[in-house]
Amino acid sequence: MQLSEHLFRREAGRMVATLTRIFGVQNLALAEDVVQDAFCRALEVWKFRGVPENPSAWLMATAKNRALDVLRRYRTARTYEPELSRWLQSEWTLAPIVEELFAENEIKDDQLRMMFSCCHPRLSEEAQVALILNVLCGFSVDEVAAAFVSSHAAIEKRLTRSKKVLAGSKKLFEITDANDFSARLPAVQRALYLLFNEGYHGASQEAAVRAELCEEAMRLAALLLQHPLAATPATHALSALMCLDAARLPARMDSSGNLTSLFEQDRSLWDRRLIAEGMKLLELSATGFELSEYHLEAAIASVHVTAQQVEDTDWAQIVSYYEQLMAIRPSPVIALNRAIAIAQHEGALRGLDEIRAISDSERLANYPFYHAALGEFELRKGNRRAARDHFKVALDLARNPMERQFLNLRLKACGQGDALA
Amino acid sequence: MSQFTFLYRGRDTSQSPEQMQKTMQKWQAWFKELGAKGHLKDIGHPLENAGRVVRGKQKTVTDGPFAEAKDVVGGFTIIEARDLDQAAELSKDCPILEAGGSVEVRPIQILNI
């Protein structure tokens with residue numbers, strides 16, 4: 001029996017969520033210990049006996065038995081989830097209630113509770129994403145640090161602080177209150193969006209790490225879609241956006257690990273199954289009156305993936321989506337993307353005008369792709385020298401080796417001297 | 001061919017789930033290779049951490065062995081090899097070494113009458 005990829009990591013997230021539900025959020029560390037213990041046992045036994053028929057069930061059963069041990073041993077020494085402690089006091093109710101809590105549906109809800117709990121309003125968005133990766137996706141501190149291209153110490157500090165906030169909330173987020181649920185849902189969607197983007201645009205140079213982050217975001221978004229209160233049009237749109245972007249992942253790097261822009265990608269490498277899935281989700285998102293930023297971003301992605309070649313792209317449509325996006329969530333980065341789309345549609349000169357017209361462009365001063373876009377347009381106009389200067393500024397601002405490599409190639413494309421335009 | 005035991009010492013409990021899964025797969029691959037080459041007499045057993053130690057004429061029983069994590073025997077395997085050198089050579093690919101553990105290779109004494 002072969003283990004499916006990342007099985008341990010994913011089971012870790014499920015098990016921690018369920019055990020935290022049983023032990024109470026203040027005992028998160030205890031839950032993590034029990035899970036670690038279950039994996040150590042699995043490792044010891046399976047290497048001799050082979051992987052059991054149903055490895056997930058084996059792991060869950062091991063965690064459940066350990067949980068019962070812990071609850072019996074520390075029945076009075078610790079305080080557990082208030083509602084549960086009543087049941088946990090008596091041996092008559094202990095085993096059946098724990099059994100019930102380990103039912104498949106409960107485990108799904110436990111993951112949702114944990115997801116919503118991680119998006120605590122007192123935590124920054126970055127902290128929420130790191131916490132989700134660690135607690136719900138089973139990434140170790142080092143693995144989270146690798147994903148964010150950060151140091152072990154920095155991530156450990158951030159996670160420790162976040163877990164204190166989580167433990168301080170006394171109770172896991174309750175998913176039965178429709179009002180609370182709807183109020184927290186946007187933060188959860190945003191965290192998953194950021195998790196996905198970290199994989200898609202993030203700093204890690206390792207393609208495998210990046211794809212994993214995207215996969216995790218998609219897996220958690222799918223979990224949201226299974227819950228009636230969470231399966232809103234915006235959640236459908238978010239999932240659609242993830243599918244349509246992820247479909248392009250196989251083409252995002254060339255064979256030597258260089259980032260390739262949308263314009264140069266080999267479109268035959270795009271994942272047709274994900275495109276179909278994304279288009280279906282996008283259709284499902286078009287109910288009600290809600291038009292979220294995810295709707296618009298998914299719509300933009302859908303225009304890209306349905307163009308057979310870059311020349312077929314309906315840029316006018318994309319420009320109009322960016323304009324609506326500006327109305328909902330105005331930001332200089334979106335204004336920049338709109339300008340780039342206009343340049344595709346109406347030429348580099350118009351693009352330059354639009355970039356110069358961005359009202360708060362000083363906020364883009366440290367954004368490498370602002371300067372890269374200026375460079376690109378100057379290059380298209382034949383102003384090689386001006387283009388080179390812009391790309392040099394962009395290069396100085398590059399945030400990671402992958403961006404640096406990409407911008408270096410663009411700088412080289414400018415060649416030497418000014419061509420006769 | 002002679003028989004040897006591999007005693008695996010040390011357990012690494014600090015690995016992440018992802019690393020443990022990879023470690024597991026390495027063990028499976030290692031045992032598979034030993035088997036394919038005809039060296040695996042008996043894959044053996046993992047051992048529980050906790051146990052009892054019974055000592056001396058007084059037969060005092062204590063919980064144990066409570067050795068340091070790196071000294072705990074976590075399991076054993078029976079190997080067939082030409083000689084001690086070959087058995088030791090075979091142990092060099094054991095994944096426990098990557099985790100900072102050790103393999104004790106001991107010939108099994110056979111009484112020849």
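This is a predicted model: local features need pLDDT of at least 70, side-chain atom pairs count only at pLDDT 80 or more; totals for chains, interfaces and linings use all residues.
Let me start with chain A. Along the principal axes, its C-alpha atoms fill a box of roughly 85 × 50 × 40 Å. Of those 421 residues, 42% count as buried. Now take the contacts in chain A between residues at least 6 apart in sequence. Of these, 62% join residues at least 24 apart.

Next, the domains. Chain A is divided into domain 1, residues 1–102, and domain 2, residues 108–231. Their centres, taken over C-alpha atoms, are separated by 21 Å. Domain 1 of chain A puts 13 residues into the contact, and domain 2 of chain A puts in 16. Which helix gives the most to the domain 1 side? That is helix α1 of chain A, residues 7–23, with ten residues. By class, the domain 1 side has five nonpolar, four polar and four charged residues.

Now go to the other end of the numbering, to helix α21 of chain A. This helix runs over residues 401–413. The background is simple. An α-helix has 3.6 residues a turn, so residues three or four places apart point the same way. What lies over that buried set? After α21(A) comes G415(A), with a positive phi near 65°.

On to chain B. Chain B has two helices and six strands. Along the sequence, the order is β-α-β-β-β-β-α-β. The C-alpha trace of chain B spans about 50 × 45 × 20 Å along its principal axes. Chain B has 113 residues, and 23% of them are buried. Of its contacts with a separation of 6 or more, 77% are between residues 24 or more positions apart.

One residue to look at in chain B is F6(B). F6(B) sits in strand β1 of chain B, residues 2–9. Is F6(B) buried or exposed? It has 21 C-beta neighbours inside 10 Å, and the cut-off for buried is 20 or more, so F6(B) counts as buried. Leaving out residues up to four places away in sequence, F6(B) touches F76(B), T77(B), I79(B), S91(B), V103(B) and V105(B). K59(B) is another matter. F6(B) and K59(B) are 53 residues apart in sequence, and their C-alpha atoms are 29 Å apart in space.

Last, the two chains together. On the chain B side, 18 residues are in contact with 18 residues of chain A. Three elements of chain B give two or more residues each: α1 (17–36), β2 (40–46) and β5 (73–81). The largest share, nine residues, comes from α1(B). By class, this side of chain B has six nonpolar, ten polar and two charged residues.

Terms used
Residues are numbered from 1 along each chain as its sequence is written. Chains are lettered from A and ligands numbered from 1 in the order in which they are written. Two residues are in contact if their C-beta atoms, placed from the backbone, lie within 7 Å. Helices (H or I, at least four residues) and strands (E, at least two) are DSSP runs, numbered from the N terminus. Ala, Val, Leu, Ile, Met, Phe, Trp, Tyr, Cys and Pro count as nonpolar, Asp, Glu, Lys and Arg as charged, and the others, Gly among them, as polar. The expected span of a helix is 1.5 Å times one less than its number of residues. A residue is buried if 20 or more other C-beta atoms lie within 10 Å of its own, exposed if 12 or fewer, and partly exposed in between; C-beta atoms are placed from the backbone. Domain bounds come from an automatic or database domain assignment.
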